[in-house]
Amino acid sequence: MSDSFLEIPEPSLPEHNLLQAAGTLPELTSGFRERVVLNVHQQVRYGRWVERAWVTGNIVAACLVVLLVWNFRWTNQQTPQPQEQRQDTVQDDASTTYPTYISPGKNSDDDDAPAQPDAHGNSLPQGGPSIRRESIPEMLELNELIEKLQSRKHVLCGFLPYL
Amino acid sequence: MSLNHTTDFQANFRYCVDRLTEQPERALTEMFDLAAQRLVRFAITITGNQPDAEDALQGAFARIAFKPRLLAKANAPWPYLIRSVRNEALRIIQKRKGTGLEVAERGSGEESVASQIVHEETADIVRRMLKTLPKNQYQVVILKHWEELTFAEIAEALGLSPNTVASRYRYAMEKLQRSLEPLVR
């Protein structure tokens, strides 16, 4: 047998020469080359597109995972807060969406106190007569409903849309 | 086929492979110009006819164009490409069987090859004798003598062990030597 290191060729018998001489190359069909080249170009472009899409998809998926983990941890840190502070948060959120809502944590004496003047010293406009939240059952139900919504918001990592 | 010719072919093929990742379209086009006829010649040994062999070659090139890195990173690119063509040819044969179409029989392949050979009567006889070999031995002899691959490369191309390849080659050559004896004299 041959040895590539010593550059010894393989023994060549007459049969081998006959076999090699019989190995003529076939003529390719006309138009075959153009067909293959066109197909190759298409496949190269398609392969590049698939590769880019795959990389982009992976990056987006990784970003989503990081965002979800970060958001979940952030909301977990926010959850164990003291009761009073949580109620204040409820009041703040509710005040933006429900102007007439009054927080249960607020002292009832504050309702009777005169309104504080604004930065220019003008007194703020007063509403109607003060409403005792405790005395209205609808307000109690509304308060419970808002607290439930708030707790769901924590569970869903803050993805619950604002009303 | 001289040794220099084979060395030139392998050097040019290696050059094409090296440029596959940078300029895949150009490298594959040059690779096609370089190796298409050899690969079709090999694929004919599996499919038995030239149209199917060309389809196999087109499929193999399309697969490589989709992921050129597979060929660029192969340890032995030429046997890898031969193996790709072989897989495509086998797939085409399988598809023909599945659709109920008959695979081209050895006889019809013989006719198509014989019709292409007009001038070389001896070469024609040798080819006919080659075709009398079992298909697995036939492929080994073709890859050994026409593509000038080593047993290790043939084993890589056919997905066999080098010992199996060597024994098939030995059996095939024993038969061929008996058949070719009148021509050698």
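Analyst: A residue is buried if 20 or more other C-beta atoms lie within 10 Å of its own, exposed if 12 or fewer, and partly exposed in between, with C-beta atoms placed from the backbone. Arg168(B) has 23 C-beta neighbours inside 10 Å and therefore counts as buried. The model is predicted: local features need pLDDT of at least 70, side-chain atom pairs count only at pLDDT 80 or more, and totals for chains, interfaces and linings use all residues. Residues are numbered from 1 along each chain as its sequence is written, while chains are lettered from A and ligands numbered from 1 in the order in which they are written.

User: In which helix is Arg168(B) found, and which residues does Arg168(B) touch?

Analyst: Two residues are in contact if their C-beta atoms, placed from the backbone, lie within 7 Å. Helices (H or I, at least four residues) and strands (E, at least two) are DSSP runs, numbered from the N terminus. Arg168(B) is found in helix α10 of chain B. Not counting residues up to four places away in sequence, Arg168(B) touches Asn136(B), Gln137(B) and Val140(B). The C-alpha atoms of Arg168(B) and Asn136(B) are separated by 7.6 Å, although these residues are 32 apart along the chain.

User: Which residues touch the most other members of the largest nonpolar core?

Analyst: A nonpolar core is a set of buried Ala, Val, Leu, Ile, Met, Phe, Trp, Tyr and Cys residues joined through C-beta atoms within 7 Å. The largest core has 53 residues, of which Ala43(B), Leu57(B), Phe61(B), Val85(B) and Ile154(B) touch the most other members. Its largest share, 12 residues, comes from α2(B).

User: Where does α2(B) bend?

Analyst: The bend at a residue is the angle between axes fitted to the seven residues ending there and the seven starting there. In α2(B), the bend is about 55° at Ala35(B). The expected span of a helix is 1.5 Å times one less than its number of residues. For the 24 residues of α2(B), a straight helix would reach 34 Å, but the end C-alpha atoms are only 28 Å apart. Gly48(B), with a positive phi near 90°, follows α2(B).

User: What makes up the side of chain B that touches chain A?

Analyst: Contact joins 32 residues of chain B to 26 residues of chain A. The elements of chain B that give two or more residues to this side are α2 (24–47), α3 (50–66), α7 (121–131), α8 (135–145) and α10 (162–184). The largest share, 11 residues, comes from α2(B). For classes, Ala, Val, Leu, Ile, Met, Phe, Trp, Tyr, Cys and Pro count as nonpolar, Asp, Glu, Lys and Arg as charged, and the others, Gly among them, as polar. This side of chain B has 19 nonpolar, seven polar and six charged residues.

User: What is the mean pLDDT of chain A?

Analyst: pLDDT is the predictor's confidence in each residue, from 0 to 100. Chain A has a mean of 72, and 51% of its residues reach 70 or more. Among its elements, helix α2 (residues 32–78) has the highest mean pLDDT (91) and helix α3 (residues 83–97) the lowest (51).
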